[in-house]
Amino acid sequence: MTTLGETVQMRGRPAEAALSWVRSSGWILGLLVFLALLFVFTLFIQPTYGVRGIQGLAISVLPLALAAVGQAIVVISGGIDLSIGSMMALTSVVAARFMAEQPDLSLVVVLAVLLLGLLLGLINGVLVVTTRVPDIVVTLAMLFVWSGFALVVLPTPGGSAAPWLRDLFRGEFLNEWIPRALVALLVVVGVIWLPIRRSRLGLSLYAVGSNSLAAYRSGVSIRQTKVLAYTLTGLFAALAGLTLTASTGIGTPVPGPYTLLSVAAVVLGGVSLAGGRGGVLGPIIGVIILSQLRTIMTFMRLDPNLAVVAQGAILIGVVMAGSLMALRRMRQ
Amino acid sequence: MTVTSTDLLLEASGIAKTYGAVVALKNASLAVRPGEVHALMGANGAGKSTMVKILTGAVRPDRGTISIRGVERAVHSPHEARRGGLVSVYQEPALIPDLDIRSNLRLTETPLEPFRHWARELGLEELDLSNMARDLPLASLRVIDLARALAIEPDVLMLDEMTAALPANLTERVLTVIGDQRGGDRCVIFISHRMTEISSVCDRATVLREGETVGVVDVTTPGSAQRIVELMLGEIVQDLPSHGGQPAVSAGRPADVQPRLAVSSLAAGAKLHDVSFELYPGEVLGVVALEGQGQDELFEVLAGSRKPSGGAIQVDGRTASFGHPADAIRAGVVYVAADRAEALLMQRSVRENIALPFRTRLAQWGLIDLGDERPRVSEAIERLQIDTRAQAEVRRLSGGNQQKVTIARWVAKGVHTMLCFDPTRGIDIRTKHQIYLLLRDLAEAGAAILLYTSELNEIQIACDRAIVIFNGRVVAEVNAATADEPALLRAAYNLGADAEMPTQLAAE
């Protein structure tokens, strides 16, 4: 009986699996369609937008995309990290300053900066679980702490990036339509996130974010999982900081708007702020959408201030449309 | 008959725990032999839940030792308890809603084949492991949680109120499986408020009272149930007289009395199809139904939190349409839920929780009239005998006291029509009796009360008459005085005239 049942199930599996993937990834497919429409619209108002545009887009979104991946991980585990922008600033200025001072040791500096990111995230995580102060408060406080340190390391924008690091993210890969920055992003995320996602740690991240009591009772260590989530976020913040230095060629001690943009991208990418749901691909697409919206508004010669207003309105509109669609599907 | 400590599978002794000024456990002990199903009993506030938390590692005891198979263990988390051979199953399944069943099994490192075996034993024949936990019905999740625990073959399996809200047919299967665990090398600690379950499945029972172990009773001897109750309460309780003594209200009701609540052909969602009944002032009307027969939807509609798809509701003769619970409350129809967390502001005080209904009209600007509020709240606390030692935050009260608070808020406001949905779920016997008595008192004072309960013996104790709902329709009306448990169960399964026994309620 069982064997028969299993073979029947086996036969139906590929089609069913594809269908269930489409169903579970509806949000991502929707985002991709929206992004495609944005590209079409871009070509419509700016017919010269092509390889150069794509290259520019890829390199400009790289830091924020990495930050959004970091934010997504901690949000999936039920937390939030508001210090991500200043962690980026701190790691970026450390990289820029020491690469300028020790050009020969640039590889060591890169590795040290990644370790620094892990350390910053670890500190965030340990503070969150030991003080029992809400995540949002702890990381808001650390936003100030890390940006203070960033100013200590480098009071004014300066330093430099090693040429090999700059070249790592510039230009094309195999084909002129495939920017290196995009490949780097996919490789980094693939190498770090995918194995974790498939491990017990990945399960624990989703479990703690989805229902921490049930996770606790299932034998998951909530404290360890949370600390590891923040540590991973720190690592991605450092990667974001490094690419920021690499793409601008200098270090800037004042954090950019990355913290809130990373939260916006996470929400846009279909990660539930309540935790437990979503992935990292959605937020990456979210970042590209946010960036492309800006590009379009620049092409349209919109007042930059109004462009920000429009960006906010579109964010609400997209998320609302998604929720409405999900609601309708549930009713059916 | 003497048992040396090495013969014991689990031994906890001298356990003490205080929370600030509140002593939860003074000197509790528990000794479980291999091959035994052992009940842990205790009234509200006896320290039972603290004991469970200590055994599972959620809370550290101030004093005392726990050993499993003669080896002393310091258990600091459910994870460590698990590794030490103690696995727990709770009333709320510990499954992650956003993971599929396969991932949930991986999370606890559960072997697949034994899991499937136990799921089948428990009546879950076909189970697609790629289902998200959140998409499965609660009854299935409870079964999955238990099968998952059984598959690990723990030395000590602890079932904490696991059967409290299980439909009757599933409870039976669960009890059979637990009974089969007897005589082996492992043991089960069974916690339940239902004496019939205890006596059908357990060998011995350890009774806690006021933080101390006051006795261990051999359940297999006659009269043990009474002995356990005596130990729990510390005083001899006489059985509550069934309410059947007085004539059913419907018989003596004058013809011109208007029903407080008249429901006709009510339908909602996929489960509630056609329910009609009348609820009169001065009576407690019972609702009898197996899990998922539409009673949830009925109460949601009556409480104003769900719109009906058909039918009509009349309150005091006027047609009512509730768009919001506030409309129902304004019409005098108030709701007591089984799940206290749905009703209470857990972080606020007992007083604020009771006074909440006075304050809900935002249109009433200005300061709250404490002069009016205080005496009413105090009276309600007094009347329900709420233990106010931890009154600053409701979440620190025991479950029974929390439920009293949800009832007290309506008592303080003055009850016209009260809807009680399984109000005694997971509550100890003493508090249950207090709640029954209160419902009777309220009815005698002229209130109309609709009571759904998953424990059929409550019908006879608390109700005047009862309607039986099956598959979204009223299939019978019974006089509570003559309705004993077997009769009600038969009615709930709609056995008799035309229907046959439903076979797979759980798997649906």
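In which sense do strand β1 (residues 10-19) of chain B and strand β4 (residues 63-68) of chain B pair, and over how many bridges? They pair in the antiparallel sense over five bridges, where two strands count as paired if DSSP finds at least two bridges between them. This is a predicted model, in which local features need pLDDT of at least 70 and side-chain atom pairs count only at pLDDT 80 or more, while totals for chains, interfaces and linings use all residues. Residues are numbered from 1 along each chain as its sequence is written, and chains are lettered from A and ligands numbered from 1 in the order in which they are written.

**Strands of chain B**

- Within the pairing of β1(B) and β4(B), B:E11 stands opposite B:S67 in β4(B); strands here are DSSP runs of E with at least two residues, helices are runs of H or I with at least four, and both are numbered from the N terminus.
- β4(B) is also joined by two bridges to strand β5 (residues 71-72) of chain B, and these two strands run antiparallel, with B:I68 opposite B:V71 in β5(B).
- The hairpin of β4(B) and β5(B) has two residues between the strands, and B:R69 takes a positive phi near 50° there.

**Two helices of chain A**

- The axes of helix α5 (residues 84-101) and helix α12 (residues 222-248), both of chain A, come within 7 Å and cross at roughly 50°.
- That angle makes α5(A) oblique to α12(A), because angles under 35 degrees count as roughly parallel, over 145 as roughly antiparallel, 65 to 115 as roughly perpendicular and the rest as oblique.
- By class, the contact of α5(A) with α12(A) has 11 nonpolar, six polar and no charged residues (Ala, Val, Leu, Ile, Met, Phe, Trp, Tyr, Cys and Pro count as nonpolar, Asp, Glu, Lys and Arg as charged, and the others, Gly among them, as polar).

**Domains of chain B**

- An automatic or database domain assignment divides chain B into domain 1 (5-85 + 154-233) and domain 2 (256-360 + 369-492).
- The contact between them takes 12 residues from domain 1 of chain B and 17 residues from domain 2 of chain B, two residues being in contact if their C-beta atoms, placed from the backbone, lie within 7 Å.

**Where the chains meet**

- The contact takes 16 residues from chain B and 15 residues from chain A.
- On the side of chain B that touches chain A, α2 (78-83), β6 (86-90) and α3 (101-107) of chain B each supply at least two residues.

Note on methods:
Axes are lines fitted to C-alpha atoms, for helices over the stretch in contact, and angles run from 0 to 180 degrees between N-to-C directions.
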